Amino acid sequence: MNTGASWPTPSEAEARVLRMQAKLHRWATDDPVRRFADLFNLVADPAFLLVAWRRVRDNRGARSAGIDGQTAHAIEAERGEEAFLVELRADLSARTFRPVPVRERMIPRSGGKRRRLGIPTVRDRVVQAALKLVLEPIYEADFAPCSYGFRPGRRTQDAIAEIHYLTSRSYEWVVDADISACFDEIDHRALMGRVRARIGDRRVLALVAAFLRAGILGEDGVERDTATGTPQGGILSPLLANIALSVLDEHFVAAWAAMGAHSGARQQRRLRGMATYRLVRYADDFVVLVAGTRVHAEALRVEVAAVLAPMGLRLSDEKTRIAHIDEGFDFLGFRIVRQPKRGTGQRFVYTYPAKAALATVKAKVRVLTRGATDQSLSILLHRLNPVLRGWTAYFRHGVSKATFNYLRAFVWRRVVCWLRHKSLRANWKQLRRRYLPRWWPTEGEVSLFDPSAVTVSRYRYRGVRIPSPWAGPTAGSTARATA
């Protein structure tokens, strides 16, 4: 290891990391069975550490501290970026770096349940980010196109577009699956076995295993071992979860190949009373779309459970359900259902914002517009607008216009009621003159974001034509297998 390597500028570091990632991705793509034996030097490389630090520091989670109580901005102010990275690199080079337990924080969920979030220290986050920079290009060469969650260049809308594409083409039964506590129950031995299939560097493997076993410091102050799982909240955790869940992708890719090399063979299979089916997965949320009968869907539910079992994972009996596309189902915040088009006898698959998603944004608006009338309207609008802008941007590729119009009316009513409570002595004429020009909440140069003004458009289905950020302009672009 070149321990005397100079520290590059941020732009030089980004360029060097991108070049190395492109090489790793190309080598992994060209040789699907290659095991990479010398990667630890990259993890401790100044360029990788600097890029990792910058991404940790600029992330919104930089404001959260681990068990040492230090945030990224506090470290930068007290010790300085370079001094922190020099010390961290020295610990990595001397093999004295040891991850510490993550700080547990329980996040409320719907139904009164809570989800565990693990917050690593900034030191651990930087090393995890460096590991991800090195490992992600390698595993991206292996991940199947049916997986969309926590992968570069892929997004939720790609998964929804694939579901819309398939359910519009005879895939009418849906196994809407939910994995119980996926991030908490992944079997470490099985996961490390899949990691070793590509990584031969024992120092990197030891580092990954150390993060898995780091432990959790609970909200009650008790430290607990992590015999299974990867803490949700760690930078490396989504990649490790995708590596574990790729066992499901590989199973369905192999099954699809066995159904026939072309659409005619799959059509003959269906005519013989057999099913064809496809997997669409976003992290630990996935659906299996079936061109067949409910019996076929029930059998696939059992099959999925058997595939996941060796990884220590199990399906939730309570949340896993089988539905027909005419009944509809919720996935990633969308309601996906087939129904007649108004004024015609034709039926089409539509994707709407789900009622639960609408209830969530309404609850956020209620919280922001409840009390706190001592603040100015402009402050309230600065808090409301990012919520509304982000929510509508997520759902603008669905059939969302009516929902956006409803949200516009709801938000207007909440803000006006807040204004009435803020200015109890003002009458309507005074409120309108001061806060409601053209009947729209405004103060100074700040106006309430209008959800109904967001343009709604259908998301372009990209299939397997989603390029890798480390591939050439035409790499990864192959013809889409027909349904």
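The legends below describe close-up views of helix contacts, pockets and a cavity in a predicted model.

Residues are numbered from 1 along each chain as its sequence is written, and side-chain values use heavy atoms, with hydrogens and water left out. Because the model is predicted, local features need pLDDT of at least 70 and side-chain atom pairs count only at pLDDT 80 or more, whereas totals for chains, interfaces and linings use all residues.

**View A. Helix α14 (residues 355-368) against helix α16 (residues 401-422)**. The axes of α14 and α16 come within 11 Å and cross at roughly 20°, where axes are lines fitted to C-alpha atoms, for helices over the stretch in contact, and angles run from 0 to 180 degrees between N-to-C directions. Helices (H or I, at least four residues) and strands (E, at least two) are DSSP runs, numbered from the N terminus. The two helices α14 and α16 are therefore roughly parallel to each other; angles under 35 degrees count as roughly parallel, over 145 as roughly antiparallel, 65 to 115 as roughly perpendicular and the rest as oblique. The crossing of α14 with α16 is right-handed, a crossing being left-handed if the near helix is turned anticlockwise from the far one by less than a right angle, and right-handed if clockwise. On the α14 side, Leu358, Val361, Lys362, Val365 and Arg366 meet Thr403, Tyr406, Leu407, Phe410, Val411 and Arg414 of α16, contact meaning heavy atoms within 4.5 Å. The residues of this contact of α14 with α16 divide into 7 nonpolar, 1 polar and 3 charged, with Ala, Val, Leu, Ile, Met, Phe, Trp, Tyr, Cys and Pro counted as nonpolar, Asp, Glu, Lys and Arg as charged, and the others, Gly among them, as polar.

**View B. The largest pocket, to whose lining α14 gives the most**. The volume of the largest pocket is about 2500 Å³. On a 1 Å grid over the protein atoms alone, a pocket is an open set of points with protein on both sides within 12 Å along at least five of seven lines, a cavity is a set of points where a 1.4 Å probe fits but cannot get out, and lining residues have an atom within 4 Å of a point. Grid points are joined across faces, edges and corners, and a volume is the space filled by probe spheres set on the points. Of the 50 residues that line the largest pocket, Arg109, Arg115, Gln232, Asp285 and Leu332 are the closest to its centre. Elements that give two or more residues to this lining include β1 (102-108), β2 (114-119), β3 (173-178) and α15 (377-395), while α14 contributes 5 residues. By class, the lining of the largest pocket has 20 nonpolar, 11 polar and 19 charged residues.

**View C. The second largest pocket, with its largest share of lining from α6**. The second largest pocket holds about 640 Å³ of space, and among its 28 lining residues Arg55, Asn59, Gly233, Gly234 and Ile235 lie nearest its centre. At least two lining residues come from each of α1 (10-30), α3 (46-58), β2 and α6 (122-140), the share of α6 being 5 residues. This lining divides into 15 nonpolar, 7 polar and 6 charged residues.

**View D. The largest cavity and the packing of α6 with α11**. The structure holds 1 cavity of 30 Å³ or more, and about 90 Å³ of space lies in the largest cavity. Of the 14 residues that line the largest cavity, the closest to its centre are Gln128, Phe211, Thr230, Pro231 and Ser237. Each of α6, α10 (202-212) and α11 (237-258) supplies at least two residues of this lining. Helices α6 and α11 pack at an angle of about 30°, with their axes 10 Å apart, which makes α6 roughly parallel to α11. Their contact is made by Gln128, Lys132, Leu135, Glu136 and Tyr139 of α6 together with Ser237, Leu239 and Ile243 of α11.

**View E. Helix α3 against helix α5 (residues 81-93)**. The axes of α3 and α5 come within 11 Å and cross at roughly 125°, and α3 and α5 are therefore oblique to each other. The crossing of α3 and α5 is right-handed.
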